Amino acid sequence: MAKKSKIITSIFICVFISITFCGCLKNDASANSDRIKYYACSEDSICDIINKYNNYCAEHLDKSYQIEIVEFDSQEDMNLKISTEVMSGGGPDILSLSQKLPFEKFAKNETLLDINKLIAAYDYDIGLGDCSSAIMNAEELDGKRYFIPLFYSPDVFISTEQTLKKYNLTSSDFSFKALSHELSDSKSTYSLLGGTDYCLNLFYSFLDQYIDYNSGSAEFNTDEFSENLDCIYSLIKNDSSDENIYYFLYENINNGASVLYKAMPSFDSLVRTYSFLEYLGGSPVLVNNYKRGGGDDSASVDVGLAFNNNCKNKDKLLPFIKYCLSYDLQKDLSIECLYLPVNRRAMDYCIELTNYEKDFDEDSSVSDMEKAVGSRARSAAIKDYKDIINSISECNLYRFDSLSETYFNSSVIGDIVNKYLKGDISKEKFIRQLTAATEIYLTE
Amino acid sequence: MRNRGGIVKRMKKIIKYIFLILLTAVFLFPVVYMIACSFMSNSQVVKMLDFTNEEYKQINLIPEMFSLEQYYQVFFRRPEYLLKFWNSVIMTFPTVAGQTIVSALAAFAFGKLKFPFRDKLFFVYIVLLILPLQVTLVPNYIVLDNIDLLNNFLAVILPGTFSAFGICLLRQSIKYISDSSIEAARIDGASYFRIFTSIILPQIKGGLITLVLLCFIDNWNIVEQPLIYFDDEAMYPLSIQLSNFSAGDYGIIFACGVMFMIPALLIYLYGRRDIDSPFIQVDKS
Amino acid sequence: MKKDRIKKYTLRFGIIFFLVIALLTYFSSTIDNMLLPKVKVTMIESGTLDENDQDINGKYLVPISAVVNMGDQGVIYYINDSDEKKTTVSELSVSINSKDDLFFEVSGEGMYSGMYVVYETSKDISEGDRVYVEGDERS
Amino acid sequence: MKKKLLKRQHREYLAAFLFLLPSLIGITVFYIVPYIICCVKSLYVGEYFVGFKNYTDLFQNGTFLLALKNTAIFTFTAIPILMVSSFLIALFLNSFKKISSFFRSSFLIPVVAPIASLVCVWQLIFDDYGAVNGLLNSLGLNTVEFFNSEFSMVMIVFIYVWKYCGFCVILFTAGLANVPPSLYESARLDGAGSFKILTKITIPMITPTTFFVFLMEIIYSFKIFREVFALFGNYPNENVYFLQNFINNNYYNLNYPRLSSASIILSLFIIIILLVFFIFERRHSFAE
């Protein structure tokens, strides 16, 4: 009797657990609303694109292709919700590169959708052909494409030959190491980039070049790194730009008070800066961001998309990607928000659009001298910018301006860098802690 | 001769008492310091918690300017804190009540009744009890999603009610109850439920109060579950508000902490006599 | 017995504590508003005092009590409803062009017609303070 | 007679089962099923079945081994220290004939205090410019970086012992009170010294309580991580990078396979410790 009841209870318990188990898993596959979702915590450019796409869908495709935007009131809540839902099989279908998530680590764990596979599966052309191949190929990782850059900006700064000559440098052989030697001797007060958080972003982009996310290794212990660290550190340390004043005034660049200036990436703003500097008698020139080993040019993605592998209706994503890379969207948005479009035709259109009749001396009439200056500046700007754009071979995932808010830079090494730049910890301790934290982050 | 022995004995007694007071001071100091800080003015607290300036922090219990400003801010000028206090209450009280009832029933079964697989099942319970939160956080989200309990208070109350913590605690105190009284009651033909209510419950009052206190404290300081299972901010308990204090509100963090501590303190003071002797065989008084 | 006395006191204190918190929460928004400075506001229109001056844009008629008069310069407080939950007040310095017994004619950068200007307040207010608008006839 | 006995046994099973039903339902839905989901998901990467690849990757992962080492160090230092200190304090309290209950209850206050405000107090005390370092400097020693060196482990162990010592003292006092005083008299009669009494009588008699205190200490050694997260954030320095930090960070890396396999390893780590102690307790209670 006792043995029988033992068997009965054990059978009952197993049956009971399996019932609740399938009960919970059964309706796991219940597809909630079959529309594509995007989570946003603030009105970013992806929301504009989605609103435009929804109107486009209303006219051309049917309404079921429209994308639903889910609002969140804070970044932390949104990120927590995204991680929980993605890991339990759901989550938003579209992710934007400006959301504070460690995108560089997603390649290895199947959370992101491989676009190439999707294109092959549905044999659908999303118009990759007429986008600038340099940027698109830079984002491809051994045959797999996880990220779609829409707008990008080359990592360049604007300066003038006169300013560089003041620190006896020339644009051709410009390097941050040489600049830091000059600046440390001349003891003159200067504003390196016109703003303290620009310097912080420069420091983060400098660190980023010594980390290789694919192989998961970082070279902070080499003496090349420690030597360059001293140059960059001294550059930033005695940078005297005031906390909240941005030296974008053209006189400051011309008379050398501010050494470099990061313009908006679009052709129009570049031509505008060039023409003002030309008008003030300077000869503007483009200078590369810090490049380890002086390699060729690199760019960073201003607006980019990634897609969730759990997406229930993947076929609806392709028209959206095609629309994002299409000529008229890229054209409208790059004019509206001064972006540099990926689509080649849109870029050519932006180049023609740049007019050069500027009324510099505000006498509400454009003299021929001003016209001549304008056209000369325009051609110089277009030539320089095109050389840089065509020689881009590498593309970082995060914008230069928001480098200090990325997941890695803010939560992993954020306070170590702040302490070091404030002078609380020594260089050796900084390198030791930086190596340890990066090591943990990369192998995690 | 005798009084010399007396003096040595009295010296030993004094040293022991001093050591006792020292020990209590070590345990009470942070909490007393927290209460002292809650009477400081807003500016002094902000200055104290600002670690950027270089000089060392002095621990001064005496506030520069004794002011009830922090309490005034918390009780009168922050309506959202009071609402969040009630969120905490709504989440904690049902959990504590539920867990006590469920645990008492199960503990009685584990403690006194024999059935097959008793010890193996109890071992499974202990393992589930010790599993850290992170292990079952995401799968729990899936389960709650399927029962569509997300975004309502039950999502935190139910897992809390069925935690195995109470069962282990009460089983320990039930074990000390002699079997003779149960045998006698069973011979009189009393049903198990009557045995449970009339014999077991009165004797494990200490264990019950201890469980209520510990379970209350555990759910009162809950942070992870609400953050993940609730969508809108208005349902968050006060413990989350306390844990991520933006710089703006630094001034009232101590007063809010003290207000947050009072319910737990009340429960403890209420059951102090029983907590001191949760597992004593000989019943007091 | 001593033991029961402590129990009784803690029980009673607990009930009082929760009652007080309940009352405070119930009245919290009313208390909060009572402690806020009470203000009266009026909508201002663009206009000018001397009839023959046709160009009225950029010039606004503001009741006398609304302007803190410092010679030809003045300061007005207006309601900015950027944050819908809390009504806050912002300061704006204006130049006073002319004055009659009822109105000031002022012009200032950032003024627009349909602006709600504070002309009476129970306590003195400063930039960014939360206020409680009495008789709020705003939309 | 045998049939009646069987009938009674049968009724006892039914009653026990009815008593257990509510907790069984709850435990299954909210603990057993999620644990099974976690186990199943740890064998998959996305939709592909990969078997134990996740586990083998895990053990080649340097950070995971570091986290495992730190967790083991913390568990095998904090729990014994807490056990010994609370036992000594319980003995010390017992040695007082008449002691006002204020002292006994003051040990439980730390458990009652809310975590967030205490974190502020700990920061004030242990920060690089905190009170402790102020004291050290006045004595001429150089500052101890509690937040960035091996001493951070010391700090966490101190916070753990400080917070949960009170409760263990209560449990030990209860255990000590259960030792019948007659044993002490008989031991003292045949001239046993106080140390012999302690080792021969007191410790063997309170082993059941010790097992229960050990159980409570393991539970609380995982609950202490709220303070660790509050004090150190998501990425502490490498001396205090625990298994729960590893699991939590993988949460944000959206790497569910690694997170679930790490959680399963953590639960196996616990089950082994428990099995060892369960067997030890079982063998000892038979001998008693």
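Two residues are in contact if their C-beta atoms, placed from the backbone, lie within 7 Å, and the legends that follow use the word in this sense for a model that is predicted.

**View 1. The surroundings of A:Cys324 in the largest nonpolar core.** The largest nonpolar core of this predicted model has 281 residues, and those with the most contacts inside it are A:Cys324 and D:Cys168. Helix α8 of chain D, which covers residues 151–177, contributes the largest share of this core, with 14 residues. When neighbours within four places in sequence are left aside, the residues in contact with A:Cys324 are A:Ile49, A:Ile148, A:Leu150, A:Leu305 and A:Leu329.

**View 2. A second core, with residues of chain C.**

**View 3. The contact of chain D with chain B.** Of the four pairs of chains in contact, chains B and D share the most contacts. Here 71 residues of chain D meet 72 residues of chain B, and on the side of chain D that touches chain B the element α1(D) gives the most, with 19 residues. Sorted by class, this side of chain D holds 51 nonpolar, 16 polar and four charged residues.

**View 4. The contact of chain D with chain A.** Chain D brings 29 residues to this contact and chain A brings 26 residues. On the side of chain D that touches chain A, the elements that give two or more residues are α1 (2–41), α3 (62–94), α13 (243–252) and α14 (256–287) of chain D, and α1(D) gives the most, with eight residues. By class, this side of chain D comprises 15 nonpolar, 13 polar and one charged residues.

**View 5. Pairs of chains that do not touch.** Chain C does not touch chain A, and the nearest C-alpha atoms of these two chains are 14 Å apart. Chain C and chain D likewise do not touch, with their nearest C-alpha atoms 11 Å apart.

**View 6. The crossing of helices α8 and α11 in chain B.** The axes of α8 (residues 165–175) and α11 (residues 205–220) of chain B come within 9 Å and cross at roughly 155°. Since angles over 145 degrees count as roughly antiparallel, α8(B) and α11(B) are therefore roughly antiparallel to each other, and their crossing is right-handed. The contact is made by B:Phe165, B:Gly166, B:Leu169, B:Leu170 and B:Ser173 of α8(B), together with B:Gly206, B:Gly207, B:Thr210, B:Leu211 and B:Cys215 of α11(B). These residues divide into five nonpolar, five polar and no charged.

Technical notes:
Residues numbered from 1 in each chain as written. Chains lettered and ligands numbered in written order. Predicted model: local features only at pLDDT ≥ 70, side-chain atom pairs only at ≥ 80, totals over all residues. Core = buried A, V, L, I, M, F, W, Y, C linked by C-beta atoms within 7 Å. Buried ≥ 20, exposed ≤ 12 C-beta atoms within 10 Å, placed from the backbone. Helix = DSSP H or I, 4+ residues; strand = E, 2+ residues; numbered from the N terminus. Nonpolar A, V, L, I, M, F, W, Y, C, P; charged D, E, K, R; others polar. Axes fitted to C-alpha atoms, helices over the stretch in contact; angles between N-to-C directions. Parallel < 35°, antiparallel > 145°, perpendicular 65-115°, else oblique. Left-handed = near helix turned anticlockwise from the far one by under 90°.
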